[in-house]
Amino acid sequence: MLAITCDKCRRRFTPTTEDLQGYLALSHGKKHSLVTCPHCGKGNKVATQRLVQALRFSPAAEAQVTEEAQPETSDSREDASRDS
Ligand SMILES: [Zn+2]
């Protein structure tokens, strides 16, 4: 979880994983991303690297990676053994 202290109102907030992914998508490879404070609505410059690290350690992001890595099916192997 990434805790950010707002530069404008000095209040702390923690963007959700979905928020972080959104900010990361908007960063376009720049060094800093603009993270909006939910208290005052002002944008805070946060190093994109910090967003990447926060996402890396979030359980939601891990679950997504596991979902994409699907196990191979053994259908073709079964067909081969049936022929012989
Ligand atoms: Zn603020």
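Colleague: Is H28 buried or exposed?

Modeller: This is a predicted model, where local features need pLDDT of at least 70, side-chain atom pairs count only at pLDDT 80 or more, and totals for chains, interfaces and linings use all residues. Residues are numbered from 1 along each chain as its sequence is written. A residue is buried if 20 or more other C-beta atoms (placed from the backbone) lie within 10 Å of its own, exposed if 12 or fewer, and partly exposed in between. H28 has 8 other C-beta atoms within 10 Å, so H28 is exposed.

Colleague: What pattern does the chain follow, read along the sequence?

Modeller: Helices (H or I, at least four residues) and strands (E, at least two) are DSSP runs, numbered from the N terminus. The chain has four helices and four strands. Along the sequence, they come in the order β-β-α-β-β-α-α-α.

Colleague: Where does H28 lie?

Modeller: H28 isn't a glycine, yet it has a positive phi of about 50°. Its place is the loop between α1 and β3 (32-36).

Colleague: And R10, what's its phi?

Modeller: R10 sits in the loop between β1 (4-5) and β2 (12-13). It counts as exposed because it has 10 C-beta neighbours inside 10 Å. R10 isn't a glycine either, and its phi is positive, near 65°.

Colleague: Which residue of β4 is the bridge partner of L34?

Modeller: Two strands pair if DSSP finds at least two bridges between them. β3 and β4 (residues 43-47) run antiparallel and are joined by five bridges. In β4, L34 is partnered with K45.

Colleague: Which residue takes a positive phi in the hairpin of β3 and β4?

Modeller: That hairpin has six residues between its strands. The positive phi, near 80°, belongs to G41.

Colleague: Which residues make up the largest nonpolar core?

Modeller: A nonpolar core is a set of buried Ala, Val, Leu, Ile, Met, Phe, Trp, Tyr and Cys residues joined through C-beta atoms within 7 Å. The largest one has seven residues: L2, L20, Y23, V35, V46, L51 and A54.

Colleague: Which helices each supply at least two residues of this core?

Modeller: One of the core residues is L20. Leaving aside neighbours within four places in sequence, L20 is in contact (C-beta atoms, placed from the backbone, within 7 Å) with L2, P15, L51, A54 and L55. The helices that each give the core at least two residues are α1 (17-27) and α2 (48-56).

Colleague: What separates the C-alpha atoms of G22 and V35?

Modeller: G22 lies in helix α1. With 16 other C-beta atoms within 10 Å, G22 is partly exposed. G22 and V35 are 13 residues apart along the chain, and their C-alpha atoms are separated by 9.6 Å.

Note on methods. Two residues are in contact if their C-beta atoms, placed from the backbone, lie within 7 Å.
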